Amino acid sequence: MDTLFAVSNLFYSGNYTQVISETTSSKTRASANPATTHQLDLFLFRSLIATKNYTRVAQEITESHGLGLQALKAQAVYLDAVQSADAAGRDAALAHLRDLLLVHSPDDRQPEVTALEVKVVVGQVLATEGLVEEALNVLLPHNNHLESVAVVVQIYLQMNRVDLARKEVEACKSWAEDAMLAQLMEAWVGLRTGGGDKYQNAYYIYEEIATSSTSPTVKALIGEAVCNIQMGHYPEAESILQEALSREPSNTDAVVNQIVLSTLLSKPAEEISALVQQLQSVAPNHSYLQDLDLKSSLFDRAAQRFSVA
């Protein structure tokens with residue numbers, strides 16, 4: 001149990017490399033029972049997905065693995081198809097994920113747990129596709145399953161329903177207040193709710209996570225930077241983002257926030273353009289770029305109405 005607690009905290013803080021190391025350690029595996037081994041596998045493959053090692057996930061998860069891992073394999077195939085702009089592969093993987101919701105193994109000793117593992121993955125992918133209502137239908141009711149709650153909160157924030165997200169987080173505090181994931185949910189909602197205290201509390205959460213290991217993860221650094229941007233502490237945010245980008249130059253969250261911060265700091269247009277091109281090179285279908293294209297198109301259409309004949 002202590003091992004899983006440590007591994008889960010490493011995962012939620014974004015320390016994926018260490019998760020992979022810990023979950024593949026022969027020492028960790030030697031003392032693990034079958035249930036713990038399964039959980040270790042879940043965190044291992046989720047960390048490989050987080051580091052975009054989709055091919056390894058697809059190769060190492062076989063038909064002999066349980067449904068929870070089969071869902072992760074389908075997610076890896078889906079993300080690989082998205083990355084390579086393979087529309088047919090993307091649709092096929094999405095269809096397969098939907099099918100997994102209907103599969104039940106007679107040999108499964110914990111069918112309720114397995115169903116939740118599958119639902120979390122399917123809900124994440126559906127939310128990525130913008131199918132938020134379908135995702136919520138999959139995830140609700142979540143029966144106090146922490147990871148399901150986390151995805152539901154993210155979806156509500158995506159829908160700009162901060163009130164519903166806040167309600168989920170408040171309810172979560174009654175049974176998982178000290179969990180790192182619950183604290184992260186509180187930070188997400190705080191950043192969307194706004195106000196000095198909310199931003200400051202969110203910063204403290206990310207700061208605590210950053211200092212919980214010998215070296216803060218890029219994920220924690222980005223969280224701190226976002227809080228500083230919201231509080232108007234631009235120099236601090238810039239320093240933190242520069243550190244994050246020096247460690248992961250292709251991290252899309254870091255690049256997007258650097259674009260936002262550079263705009264707020266009135267940086268030269270060519271510098272901001274270079275950052276946008278950097279984002280286009282690593283994530284051409286990123287939601288920020290899609291929104292930027294939409295806003296640019298709307299601006300051009302509006303400008304035409306006032307053009308000199």
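## Overall build

Welcome to a protein made of helices: the chain has 18 of them and zero strands. Keep in mind as you explore that this is a predicted model.

How does the radius of gyration of the protein fit that of a compact globule? For 309 residues, such a globule would come out near 19 Å, and the protein has 21 Å, so the two agree. Along the principal axes, the C-alpha atoms fill a box of roughly 75 × 45 × 35 Å.

## Surface and contacts

Of the 309 residues in the protein, 43% are buried.

Among contacts with a separation of 6 or more, 53% are between residues 24 or more positions apart.

The largest nonpolar core holds 75 residues. Which residues have the most contacts inside it? They are Phe45, Leu72, Leu97, Val153, Ile155, Met185 and Trp188. There is also a second, separate core, with 21 residues, and Val218, Ile259, Leu261 and Ala283 are among them.

Leaving out residues up to four places away in sequence, Leu72 touches Leu42, Phe45, Arg46, Ile49, Val57, Ile61 and Val121. Phe45, one of these partners, is itself listed with the residues that have the most contacts in that core.

## One side of helix H2

Helix H2 spans residues 16-23, and its buried residues are Tyr16, Val19, Ile20 and Thr23. These four lie on the same side of H2, because they cover an arc of only 100° around the axis.

What do the buried residues of H2 pack against? Their partners are helix H1 (2-12), helix H3 (26-30), helix H4 (34-50) and helix H14 (218-230).

## A histidine in a loop

Finally, find His142 in the loop that runs between helix H9 (132-139) and helix H10 (146-158). Is His142 buried or exposed? Its relative accessibility is 12%, below the 20% cut-off, so His142 counts as buried.

The side chain of His142 makes a polar contact of 2.8 Å with the side chain of Glu168. Apart from neighbours within four places in sequence, the residues in contact with His142 are Leu116, Ser148, Val149 and Glu168.

Note on methods:
Residues are numbered from 1 along each chain as its sequence is written. This is a predicted model: local features need pLDDT of at least 70, side-chain atom pairs count only at pLDDT 80 or more; totals for chains, interfaces and linings use all residues. Side-chain values use heavy atoms; hydrogens and water are left out. Helices (H or I, at least four residues) and strands (E, at least two) are DSSP runs, numbered from the N terminus. Buried means under 20% relative accessible area, exposed over 50%, partly exposed in between (1.4 Å probe, protein chains only). A polar contact is a pair of N or O atoms within 3.5 Å; within protein, one must be able to donate a hydrogen and the other to accept it, and residues adjacent in sequence count only if both atoms are side-chain atoms. Contact means heavy atoms within 4.5 Å. The arc is that of the directions from the helix axis to the C-beta atoms. The radius of gyration is taken over C-alpha atoms; the globule rule is 2.2 Å times the number of residues to the power 0.38. A nonpolar core is a set of buried Ala, Val, Leu, Ile, Met, Phe, Trp, Tyr and Cys residues joined through side-chain atoms within 4.5 Å.
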